Amino acid sequence: MTSFSLRQTYSQLPDYFYASAALSPVTAPQLIKLNVPLAKSLGLDPVWLSGSEGVAMLSGSHMPPGVQPLALAYAGHQFGHFVPQLGDGRALLLGDVTDASGHVREIQLKGSGRTAYSRRGDGRAALGPVLREYVVSEAMAAMGIPTTRALAAVVTGEQVMRETPLPGAVMTRVAASHIRVGTFQFFAARQDLTGLRLLADYAIARHYPDAAQTPAPYLSLLEQVIAAQADLVAQWMLKGFIHGVMNTDNMAISGETIDYGPCAFMEQYDTSTVFSFIDERGRYAYGNQPSMALWNLTRLAEALLPLLADDEEQAVPVAQQALATFEGRFQETYLAGLRAKLGLTTVQPEDTGLLRSLLETMQAQEADFTETFRALSSEGAINGETVPESLAGFGAWLDRWRQRLAQEGEVSVSTRVDAMKQVNPAFIPRNHLVEPMIKAAVEDSDFSPFEDLLAVCTRPYDDQPGKEAYGRPAQASERVRYTFCGT
């Protein structure tokens with residue numbers, strides 16, 4: 001008797017929304033990691049998932065009765081170029097569960113083999129990108145940033161061919177849904193108004209049910225996706241996160257971070273920082289992320305035009321008005337977040353200049369983004385008695401900041417420190433720690449660095465005595481310039 005059951009609501013949509021997929025069994029799957037707390041919150045049995053039947057499912061080798069995997073169809077702009085059909089070329093949607101909070105979540109395998117959308121790919125994933133996504137997505141969740149989650153990682157016992165043979169792996173991902181901007185583009189490109197409306201209705205019911213009660217539900221859907229993405233990208237910017245490949249097929253309608261490929265956290269503050277090897281022109285650089293999010297949302301608005309009004313001439317100004325709200329929403333969330341990172345609880349006219357001056361000083365000093373804000377979250381920095389060494393070049397700005405703090409009223413230094421430490425992480429998955437973690441796993445089947453890094457990064461706001469090395473920026477010789485998606 002199985003201990004695993006799922007609903008499959010996406011299969012209730014017409015069959016051209018997806019493709020059924022035959023399984024691609026692997027020879028010797030072994031569980032690397034099961035996210036036991038997440039499994040329990042989803043109402044899943046960790047003991048069953050860790051057993052032979054569970055590992056067979058998590059590797060894509062065998063499914064429990066009633067689980068019918070699907071590969072989802074979507075299109076997308078990739079580095080600005082439209083591809084009318086992409087789809088899940090190496091992923092399978094297993095179905096839905098309802099978590100402990102009453103939210104419906106999808107479970108998907110990544111790297112489980114070829115699908116109808118694989119084109120010339122093998123549908124597999126290499127171990128390194130699986131481990132990177134596991135650590136980074138769980139670190140993001142621990143920081144409170146909306147994200148897909150890692151439920152499990154499995155090695156397949158087989159190799160995948162990239163530039164060299166690499167160990168194969170499968171990741172099990174949990175998401176509010178896997179509907180993307182590119183999913184809407186798929187139907188819009190085919191001028192399939194029926195499919196577009198069905199998808200929009202499904203997305204509203206799944207993510208924004210209150211939109212259905214408004215006079216213009218599809219406009220409300222667009223407005224709420226815009227707000228969710230503005231908030232999400234602001235949160236990325238506040239933690240120094242660089243997604244790396246903000247294509248429209250990598251933007252989730254839910255407002256969650258999805259598809260961790262060549263992603264990384266910025267160290268030296270520089271708005272032009274890029275980590276994707278193929279992003280030669282810096283399209284998705286750190287400082288471009290807000291404008292690229294708006295670009296993607298404009299493509300969503302274009303796809304939704306037939307649902308916004310009876311004709312395009314009426315629909316375009318409606319869409320433009322919705323898109324015009326992005327910048328204000330982003331700035332509001334971003335500036336509020338920066339104030340919190342600096343211990344400010346009130347709004348003063350000079351704040352924008354103070355915040356801009358800090359970022360300019362950080363760029364001039366080549367300061368580490370995470371280390372700088374964590375150093376500011378100290379009694380010595382606030383009272384000026386024992387300024388951390390990493391803030392040595394910030395003297396004039398620190399004086400200005402302390403004068404601003406004095407306007408906040410009676411707040412004890414310890415209270416302010418505690419509040420700042422809850423928004424300024426001490427630990428992030430730094431590239432120079434992620435890469436040797438991957439190397440140990442790939443070359444020596446040693447997963448202890450993975451376990452250690454994961455444990456530290458999922459407690460990002462704690463001081464963790466003895467783990468200070470995980471919080472230090474890379475030395476010049478340790479810096480990792482590029483990361484790769486592993487496709």
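Tutor: A helix here is a DSSP run of H or I with at least four residues, a strand is a run of E with at least two, and both are numbered from the N terminus. The model is predicted, so local features need pLDDT of at least 70, side-chain atom pairs count only at pLDDT 80 or more, and totals for chains, interfaces and linings use all residues. Residues are numbered from 1 along each chain as its sequence is written, and side-chain values use heavy atoms, with hydrogens and water left out.

Student: Why is D259 called buried?

Tutor: Its relative accessible area is 14%, so D259 counts as buried. D259 sits in the loop between strand 11 (241-242) and strand 12 (264-265), and has a positive phi of about 65° although it is not a glycine.

Student: And why does S445 count as exposed?

Tutor: S445 has 56% relative accessibility, so it is exposed. S445 lies in the loop between helix 16 (431-444) and helix 17 (448-457). Its phi is positive too, near 55°, and S445 is a residue other than glycine.

Student: Which residues of helix 9 are buried?

Tutor: They are A315, A319, A322 and L323.

Student: How do you know that the buried residues of helix 9 line one face?

Tutor: The arc is taken from the directions that run from the helix axis to the C-beta atoms. Seen down the axis of helix 9, the buried residues fall within an arc of 90°, so they line one face. There is a general idea behind this: an α-helix has 3.6 residues a turn, so residues three or four places apart point the same way.

Student: What do the buried residues of helix 9 pack against?

Tutor: They pack against helix 7 (217-239), helix 8 (289-308) and helix 10 (325-341), where contact means heavy atoms within 4.5 Å. On the face turned away from the buried side, helix 9 carries the exposed residues E313 and Q321.

Terms used: Buried means under 20% relative accessible area, exposed over 50%, partly exposed in between (1.4 Å probe, protein chains only).
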